[in-house]
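Me: I have a structure that I would like to go through in conversation. Could we take it topic by topic?

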Amino acid sequence: MRILVAPDSFKGTATAAEAAAAIALGVRRALAGSFPDATVTTLPMADGGEGTAEVLASAAVARRGTPGQTITLPTTDAVGRLTEASYVLVGDEAFIDVAAATGLPAVADALDPLHADSYGTGVLIADAEARGARRITLGLGGTASIDGGLGILAALGAAAHDSRGYALPKGGAPLVRLDHIDTAQLNMKAGMLDYTLVTDTRAVPVQAATMYGPQKGAEGEQIALLAGAMLQLCEVTGTDPEAPFMGAAGGVPIALSWLSRTLWGNEEHCEVVPGGRFVAEALRLPERVAEADLVITGEGRFDEQSLTGKVVGTVAELAAEPTGADKPTRLGIIAGSVTEDTPDGSLVQQLEPADTVTQQLSDAAARLTEDFIQSLPRG
């Protein structure tokens, strides 16, 4: 009996690693009587959202056999307040979550959707280049800004200007007046790094405002203003306004793709990838799912977005793929809430009240594993 535990983080309550450990504990408890020799393997997952940098850095350490270094430095949050943020450097590759400096939870008390920016993330990128990074892998989920990535460019020395040549204030709203981006003072070395942008959404540029603006505090006319700003940024940068993924992280891929294309003269040095599948490949998840009898995944809320490139959807797709084995891999899902239909044949458990989140996850995993055992053919 082989069981693989590959959850996402349960946002605000448990990291992917913490969730995986708690779920594995419940699985082992349920297996102790019937399958004491069963193998339970944990593989914390991510999809481009918070925690992606840690997961991918761990995979890089295992792949390269070299230790990673966690770098912590002063920077600014999405509303310009001084803060500290960390990233991981493995060899010449830096793994950074945009949410580390520009995340939503840190500014929940001071949401400013019109003027929040990604400058703090640009500080981390510049620091990584100074420490020898040649590639940046950027997890794009969980941001508080809708600035099209212009804050990152500002931290690298580029400046957004209006048609009169005046520098624009920070944030997304002023971009409705964007005429050109001045790169005279650009940190060329940082701009010419190889970028992999790991997205947790297929959003097009205007959806940075219309779909994700409300969770960042935007409402009514603010959403319309920010949507217009994204369209103006697309016009200036030559970005297709219908391009999927470009609306991730408040439009960060728009600016970074434009910068890389401008400096290199081609699109080969800035890659935008769907997060779930990219992380899965980095962790060799397809092979591990194929070897498992049961794979358990999970997230805080299973909703209409869960099967569209998120961790749960990616694991579900892999579990449904033919393996050539006598028995298909069974899928188990644990979630805080379930508001959409889950894949046919999957085992599902919602969290129930307990003293701690760890206990909730462990108990849900034990119940799910017991259901799996009961479903096995007898004899």
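Reply: A definition comes first: buried means under 20% relative accessible area, exposed means over 50%, and partly exposed lies in between, with a 1.4 Å probe and protein chains only. Thr-358 is partly exposed, with a relative accessible area of 46%.

Me: What kind of model is this, and how are residues numbered?

Reply: This is a predicted model, in which local features need pLDDT of at least 70, side-chain atom pairs count only at pLDDT 80 or more, and totals for chains, interfaces and linings use all residues. Residues are numbered from 1 along each chain as its sequence is written, and side-chain values use heavy atoms, with hydrogens and water left out.

Me: Back to Thr-358: in which helix does it lie?

Reply: Thr-358 lies in helix H13, residues 357–375. Helices (H or I, at least four residues) and strands (E, at least two) are DSSP runs, numbered from the N terminus. Between the C-alpha atoms of Thr-358 and Thr-13 there are 9.1 Å in space, and the two are 345 residues apart in sequence.

Me: How many helices and strands does the protein have?

Reply: There are 13 helices and 13 strands. The radius of gyration is 22 Å, close to the 21 Å that the globule rule gives for 379 residues, so the protein is as compact as a globular protein of that length. The radius is taken over C-alpha atoms, and the rule is 2.2 Å times the number of residues to the power 0.38.

Me: What box do the C-alpha atoms fill?

Reply: Along the principal axes, the box is roughly 80 × 45 × 40 Å.

Me: Changing topic, which residues have the most contacts inside the largest nonpolar core?

Reply: They are Tyr-87, Ile-136, Leu-138, Leu-153, Leu-156, Tyr-195 and Leu-256, in a core of 56 residues. The largest share of this core, 7 residues, comes from helix H8 (residues 221–237). A nonpolar core is a set of buried Ala, Val, Leu, Ile, Met, Phe, Trp, Tyr and Cys residues joined through side-chain atoms within 4.5 Å. A second, separate core has 33 residues, including Leu-4, Ala-59, Val-315 and Ala-319.

Me: What does Ile-136 touch?

Reply: Not counting residues up to four places away in sequence, Ile-136 touches Ala-94, Ile-96, Ile-125, Ala-128, Leu-193, Asp-194, Tyr-195 and Thr-196. Contact means heavy atoms within 4.5 Å.

Me: Is Ile-125 buried or exposed?

Reply: Ile-125 is buried, with a relative accessible area of 0%. This residue is found in helix H4, residues 119–130. Beyond its neighbours within four places in sequence, the contacts of Ile-125 include Ile-152, Leu-156 and Tyr-195.

Me: Which loop holds Ala-249, and what is its phi?

Reply: Ala-249 is found in the loop between H8 and helix H9 (252–264). Its phi is near 55°, a positive value in a residue other than glycine. Most residues other than glycine have a negative phi. Ala-249 is buried, at 8% relative accessible area.

Me: And what about Arg-284?

Reply: Arg-284 also has a positive phi, of about 55°, although it is not a glycine. Its place is the loop between helix H10 (275–282) and helix H11 (285–291). At 43% relative accessibility, Arg-284 counts as partly exposed.

Me: Lastly, where does Ser-9 lie?

Reply: Ser-9 lies in the loop between strand E1 (2–5) and helix H1 (16–31). At 10% relative accessibility, Ser-9 counts as buried. Leaving aside neighbours within four places in sequence, its contacts include Met-45, Glu-50 and Glu-299.
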